[in-house]
Amino acid sequence: MIRLSERVYYIKAVEEPLSADVGVVFGDRAAWLYDVGNSPAVSAELKGIGLPKIAVLSHFHPDHTGGLGDIAAEKVYLSAYTRKYIGFGDTVVEDVYINDGIELRIFPLPSSHSKGALGLETQGFAFLGDGIYSMQKGGRNVYNATLLKDTLDCLKRLGAKTFLLSHDPQYACPRDEVIAWLEEICSRRRKEEAYIEIKE
Ligand SMILES: [Zn+2]
């Protein structure tokens, strides 16, 4: 586990098998996991944490959720859309505030990347999963222009100074840089076009 602060850690994403970064936040009573990855090695590491585990799923993609069956989470927070894939869990439809010795806030994150994305804000960090990324459409990488604006509005309301981005080699990115990057993409929108294509 890589340390970001006294209470906030993460397990780095791996490519083979594809498994997203897993955020681990230590509350007084429970370990709060933001995603669970999709690799036996990650599941083993999570099982080794000697606290009850509560999972928050960023979105439904298997590299973020596949390990759920292996880790015996006592509770799972997810969106209604993710729940269709997972089949159980506590549905988040609006901001959920939790106090576990530290304050945590789970929030719906408007996202071009997938329906039903959730973010987690705590201790000056905002876990965003893949929520700020583009999607594939007809072989192109695109943002839905309307959703991208909603994403930006949501990000600007966050108090966190550090955004945590799945699969990004840097992972912990300054808030202002991420917002400037997305605003630049937003500014490329051509009039009347619903999608903004990006090169990756
Ligand atoms: Zn994804």
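The side chains of D176 and R175 come together in a salt bridge, with N and O 3.2 Å apart; the term stands for a side-chain nitrogen of Lys or Arg within 4 Å of a carboxyl oxygen of Asp or Glu. D176 is exposed, at a relative accessible area of 54%, whereas R175 is buried, at 17%. Here, buried means under 20% relative accessible area, exposed means over 50%, and partly exposed covers the range in between (1.4 Å probe, protein chains only). The structure is a predicted model, in which local features need pLDDT of at least 70 and side-chain atom pairs count only at pLDDT 80 or more, while totals for chains, interfaces and linings use all residues. Residues are numbered from 1 along each chain as its sequence is written, and side-chain values use heavy atoms, with hydrogens and water left out.

Side chains of opposite charge can pair when their charged atoms come close. In this model the count comes to 12 salt bridges. One of them joins D28 to R7, the closest N and O atoms being 3.0 Å apart. This pair links distant parts of the chain, 21 residues apart: D28 sits in the loop between β3 (22–26) and β4 (31–34), and R7 in the loop between β1 (2–3) and β2 (8–11). Helices (H or I, at least four residues) and strands (E, at least two) are DSSP runs, numbered from the N terminus. D28 is exposed, with a relative accessible area of 53%.

R29 forms a salt bridge with E74, and here the closest N and O atoms are 2.5 Å apart. The two residues are 45 residues apart, with R29 in the loop between β3 and β4 and E74 in the loop between α2 (62–65) and β6 (75–78). R29 is partly exposed at 44% relative accessibility, and E74 is partly exposed at 46%. Elsewhere, a network of salt bridges links D95, R105 and E121.

The zinc ion comes next. Its coordinating atoms belong to H59 (NE2), H61 (ND1), H113 (NE2) and D130 (OD), at 2.1 to 2.3 Å. Donors are N, O and S atoms within 2.8 Å of the metal (3.2 Å for Na, K and Ca), and sites may look incomplete because water is not among the atoms. The angles among the 4 donor atoms run from 85 to 170 degrees, and the site is irregular. In sequence, the donor residues follow the spacing H-x1-H-x51-H-x16-D. H61 lies in the loop between β5 (53–56) and α2, and H113 in the loop between β9 (103–108) and β10 (118–122), so this pair ties together parts that are 52 residues apart in sequence. Both H61 and H113 are buried.

What about the cysteines? A search of the whole structure finds 0 disulfides, a disulfide being a pair of cysteine sulfur atoms within 2.5 Å. For C154, the nearest cysteine sulfur is that of C186, 14 Å away. The sulfur of C173 is too far for a bond, because the closest cysteine sulfur, in C154, is 17 Å away. C154 is buried at 5% relative accessibility, and C173 is buried at 6%.

Terms used:
Tetrahedral: all angles 85-135°; square planar, octahedral: opposite > 155°, others 65-115°.
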